[in-house]
Amino acid sequence: MSERPQNDDPDPTDPFDELVEAETDRDPDLAVIEAGSRTLRAQAGPPQGDPIPARPADPEVDRALRAVEDELAGRWGETKLDPSVQRIVALLDVLGSPQRAYPSIHITGTNGKTSTARMIEALLSAFDLRTGRYTSPHVQSVTERISLDGAPISAERFIETYRDIAPYVEMVDAQQEYRLSFFEVLTAMAFAAFADTPVDVAVVEVGMGGTWDATNVIDGDVAVVTPIALDHTDRLGETHEAIAGEKSGIIKKDATVVLAQQPVDAASVMLKRAVEVDATVAREGMEFGVISREVAVGGQMLTLRGLGGEYPEVFLPLYGAHQAHNAAVALAAVEAFFGVGSDHARTLDIDTIRSAFAAVSSPGRMEVVRRSPTVVLDAAHNPAGGRAAAEAVTEAFGFSRLVGVVGTSDGKDVRGLLEAFEPIFAEIVVTRNSSHRAMDPDELAAIAVEVFGAERVQVEPRLDDALEVAITLAEEEGEFSGAGVLVTGSVITVGEARLLLGRS
């Protein structure tokens with residue numbers, strides 16, 4: 001594989017082996033890859049460099065962070081759930097209810113949650129509000145989950161926040177039937193960090209579902225529901241209606257609900273819940289939406305209709321129609337937060353809106369990490385996400401030949417995901433990531449052969465080898481052929497590919 005990072009050490013450590021050794025209990029299935037934001041407060045300007053933080057340079061800080069990571073990893077992982085908010089409520093009570101110290105925008109849905117959260121954060125920051133953002137899962141560092149003023153929390157502050165709440169965590173552990181989980185402790189840390197900053201507004205993404213999610217201790221002034229699809233059916237239900245029932249739990253009394261386009265049965269559940277709690281509903285395609293979009297260099301040019309009016313010539317440096325719809329949802333959520341459409345009818349400052357959207361980034365979502373041949377990363381991990389990714393890569397890149405690198409997780413609709421990519425992949429290289437929940441590559445290959453045919457499928461158990469094979473296949477077309485590689489299937493696969501390709 002060309003352009004691999006060089007190492008002068010005569011006995012270099014294999015990057016893939018390092019990834020395996022660093023394996024944690026984090027769940028690759030829970031959400032999309034996200035980490036940090038390029039957008040700071042208006043007066044600070046965007047931070048420079050990769051939005052995903054590297055390990056701390058100070059050895060002492062790195063050791064302390066690893067100790068905290070080990071303590072968190074020793075708790076229930078995100079795939080082991082007890083559907084209750086009892087433990088997180090008990091912890092936040094002894095912490096003085098930090099989640100009550102600021103207003104919140106709460107986000108649920110199946111796909112697009114974190115991209116939408118990042119856009120909301122960028123818009124709020126552009127209007128000079130101090131923001132806190134909580135998203136999951138992380139890619140390379142657990143600190144990515146908690147963002148302050150548009151940037152991931154520092155390792156030092158992450159360690160300090162954990163140490164501050166640790167005695168209270170132990171107190172609650174002793175009083176409960178089950179110890180607090182990894183996600184519950186992180187949620188409390190985020191809320192505490194937001195209160196200590198202090199932030200003007202928190203943008204909070206659910207971990208899974210809504211009703212019993214650990215984040216559902218906040219009373220979101222605005223509840224955002226991104227598109228609902230079939231995922232985590234073993235925990236949330238096997239129909240759109242059942243999944244919507246769980247996710248509708250974040251809609252609180254007198255809130256404003258910003259509803260992305262939904263399956264009819266899911267929308268019906270959400271609207272019924274809104275009526276029950278006297279919430280106001282803004283629906284994509286009715287009260288707000290995408291008026292027009294055109295592919296542009298590095299992204300797309302949009303005209304959006306918000307709750308207060310029209311916003312023309314908005315450049316979004318992200319690819320795909322799904323990201324345009326995420327942008328419309330984010331804009332409506334921020335308008336609702338500012339009272340646009342209810343207290344008064346006006347648009348927000350167009351130049352501020354344009355500046356904010358132009359600064360948005362979303363690592364691992366149609367992210368180009370290499371050129372000649374072009375390598376794109378996308379963390380699609382369910383059929384709906386796969387279809388969106390396939391449409392986006394076709395529209396934005398127009399590759400003459402596309403090679404797929406796919407590593408998925410057990411328990412997913414793998415066939416549906418592969419079928420979404422079958423029309424666009426000339427060949428597919430199946431592999432696995434370092435997670436203990438990664439699907440066996442031979443089992444994945446068996447399904448891939450049924451979908452693609454044996455002649456289009458290769459198996460490379462190691463991700464670094466899979467990347468090398470795929471890039472070599474693309475290079476066979478020649479430097480100016482327009483061939484490319486798409487790495488997809490899991491947030492962990494994409495995150496590890498990002499590391500192996502030298503992006504952090």
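This short talk concerns the salt bridges of a predicted model. Residues are numbered from 1 along each chain as its sequence is written, and side-chain values use heavy atoms, with hydrogens and water left out. Because the model is predicted, local features need pLDDT of at least 70 and side-chain atom pairs count only at pLDDT 80 or more, while totals for chains, interfaces and linings use all residues.

The structure contains 23 salt bridges, each defined as a side-chain nitrogen of Lys or Arg within 4 Å of a carboxyl oxygen of Asp or Glu.

Let me begin with D173 and R75, whose closest N and O atoms are 2.8 Å apart. D173 belongs to helix α5 (residues 155-175) and R75 to the loop between α2 (59-73) and α3 (86-94), so this bridge ties together parts 98 residues apart in sequence. Helices here are DSSP runs of H or I with at least four residues, and strands are runs of E with at least two, numbered from the N terminus. D173 is buried at 13% relative accessible area, and R75 is buried at 7%; buried means under 20%, exposed over 50%, and partly exposed in between, with a 1.4 Å probe and protein chains only.

Next, D219 and K252 form a salt bridge at 3.8 Å, N to O. D219 sits in the loop between β5 (201-205) and β6 (222-225), and K252 in the loop between α8 (240-247) and β7 (256-259), 33 residues apart. D219 is partly exposed at 49%, whereas K252 is buried at 14%.

Within helix α11 (residues 350-358), R354 and D351 are three residues apart, about one helical turn. Their closest N and O atoms lie 3.7 Å apart.

Finally, R55, D62, R66 and E69 are linked in a network of salt bridges.
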